[in-house]
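Please look through the sequence and the model below before reading on, and keep the model in view as each part is discussed.

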Amino acid sequence: MGDCKPVTPTLEGEEDLIAAAQQIVIALETRRNLTSDARKILADLGTQLSSITKLNENKKEEEVEEEDGLGEIKERLNIVRDKVMNWEVDESMIWDCGSEEAYDYVKAVDEAQKLIETLESLCLNRDGEESELLCRAHDVVHTAMVRLEEEFRHMLVQNRQPFEPEHVSFRSSEEDVENEGSIISIGDESVEDSVPRDSISRRSLGDFVFDLVHPSVIPDLKCIAKLMFASSYDRECTQAFISVQKDALDDCLFMLEVEKLSIEDVLKMEWGALNSQIRRWTWVMKVFVRVYLASEKRLSDQIFGGFDSCSSICFVEASKSSMLQLLNFGEAIALGPRQPEKLVRILGMYEVLTDLIPDIDALYADEIDSCVRNECQDLLRRLGYCVKATFLEFENLVASNTSTTPFPGGGIHHLTRYVMNYIRTLTDYSETLNLLLKDSGKETSVSFSPDLNPTVDDNSSIRSSFCVSPTALHFRSLISILLCNLDDKSKLYKEDSLRHLFLMNNIHYMTQKVKDSELRTILGDEWIRKHNWKFQQQAMNYERATWSSILSLLRDEGIHYTGSNSVSRTLLKERMQVFYVAFEEVYKIQTAWLIPDVQLREDLRISTSVKVIQAYRTFVGRHCSNLSDKSIKYSADDLESFLLDLFEGSPRSLHSFHRK
């Protein structure tokens, strides 16, 4: 309100009194007997009375002018009020009726704001007409502000734009799941050979910021915001924006099929459903932060960028609950049980969040209490700890996995497949694992049975030659634990030859997995050479356990010669019959055994065939003169053909075989 000089109130009849006094002064001045002092006093009095008269005349002129100014203000206010109130009885939205109507309304509100400023600058009596006009002007502006808030909300909602970029559609990613190898719990009898990494989370979405509302209405939204801020209705304006955009972001999460789950809900979920939820979370986090939140931040800046920190406050308040909903899911995963099948997914969550931290820090740089940024950092630490704890728990589970019955056919144990596919999948996350496992102090020395190289420190020779990564140390340790476990399982077989076949199959499988994947880079060629030797040693042990006693029958030990150096035909016949019975028994049993790897199976057949057929041909050739045709049940070619039937996993018998 402007300053005002105090005015002394005029007494009733003051003008008549002054006029009478002036007449008295004139009359006295006409007297001739007045002294000079008296004449001076009368002259001064006359001057003062003239001044008072002029002041009263000026005051009258000002009052007339003021009455004319208030009349004009009143007239202008009535016009503005009529424009504002006309829209209160109209159910239409102003901005929907065209730019001309919107412009007239904005002009009217702006006029009302100027009238308030004018009235507040006048000298006002509390009960004067000016005060009444000021109250009326405030009422008009309040009515307009309520209407503008409604228009603001309506404009944000009605002009919201959908976001459906095909290149980040989750549908294509979900289809990949059908072909994705399953990560299953230890003890499951079937494991796929591959668990491909979810590549969708690796895509950069930073270039896909889009307009949340149609660009054409941004100037109108800014205009409304400016009017509301100018009338000190900034809180109502920002709350309207926050409310609408908060709902919009909630709708966004709903569209992305993100469920509102409590920590308890997540902890109760079965792995199949939880696995799907985690995969969706890693994809949604990238899309939500780099597309939706970045777009939301831009919208806040476009509308409130000129109002100090209002833009940041609006963005934070609109987006905080949605972000915390997503982070709450991650919190539940980090708090859950340390199940091995979760490790790859948790690593994916950790890497996605690590990748997004710079984006989140930038988006929430002006956040007063740093709530979102702090929650992200806390979740990252918890996920990192969860990764480390889960990997160590996995080692314990492998070590404690026991069997009471031998694995059928001596093939590749499901635990071997599981562990090797597991760590092969983890190679995609080797850099992250190096970071998270570096402080675990892994120093593993594992003792094996004599067949698996006694008291071998699987890390010592490598550690002495060059620096081994934390991931390599843990992988070596895990494989060493697996080898010990397999050795224990091999002891469940009654036949030594099957025990060696089982170890050969499994060590060969492990070696091939390393050789044909990125594990080779992590574990090194020295590791491969060492384990090549191990499975070859098991192959030799198999041959020795299976064929040594049988081939001894094809030696001359125990065969007595007569005086003419001829051999007893009866003894030779018996020796051949014993050999055939032993061979047929091996054939019957070992056709049921299995060597899954085609090349390994062929190599062992050839190695066995060379030894058996050569010994058989030599023996029969040396004693052919003393052996009748009836004594020779199978030819060398027959035996060679029979050996090709071994290790197919399908039992056969030679009892019905007859030579033609």
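This is a predicted model: local features need pLDDT of at least 70, side-chain atom pairs count only at pLDDT 80 or more; totals for chains, interfaces and linings use all residues.

Residues are numbered from 1 along each chain as its sequence is written, and side-chain values use heavy atoms, with hydrogens and water left out.

The chain contains 22 helices and zero strands, where helices (H or I, at least four residues) and strands (E, at least two) are DSSP runs numbered from the N terminus. Of its 660 residues, 47% are buried; here buried means under 20% relative accessible area, exposed means over 50%, and partly exposed lies in between, with a 1.4 Å probe and protein chains only. The accessible surface of the chain is about 34100 Å², and carbon and sulfur atoms account for 50% of that surface; such areas come from the Shrake-Rupley method with a 1.4 Å probe, and for residues only the protein chains shown count as cover. If we take the contacts (heavy atoms within 4.5 Å) between residues at least 6 apart in sequence, 80% of them join residues at least 24 apart.

Which residue forms a salt bridge with R76? A salt bridge is a side-chain nitrogen of Lys or Arg within 4 Å of a carboxyl oxygen of Asp or Glu, and a search of the whole structure finds 25 of them. The partner of R76 is E111, with the closest N and O atoms 2.7 Å apart. Because R76 lies in helix α2 (residues 36-88) and E111 in helix α3 (residues 99-121), this pair ties together parts that are 35 residues apart in sequence. R76 is partly exposed at 28% relative accessible area, and E111 is partly exposed as well, at 23%.

A second salt bridge joins R290 to D359, whose closest N and O atoms are 3.2 Å apart. R290 belongs to helix α9 (residues 271-304) and D359 to helix α11 (residues 343-363), so the pair ties together parts that are 69 residues apart in sequence. R290 is buried, with a relative accessible area of 11%, whereas D359 is partly exposed, at 25%.

Helix α9 also holds S300, which counts as buried at 0% relative accessibility. Apart from neighbours within four places in sequence, S300 is in contact with F241, G305, S311, C314 and F315.

Finally, confidence deserves attention. The average pLDDT (the predictor's confidence in each residue, from 0 to 100) is 82 for the chain, and 76% of the residues score at least 70. Over residues 187-196 the pLDDT stays under 50, and the model has 28 contacts beyond four places in sequence for this stretch. Residues 444-448 also have pLDDT below 50, with 18 contacts in the model beyond near neighbours in sequence.
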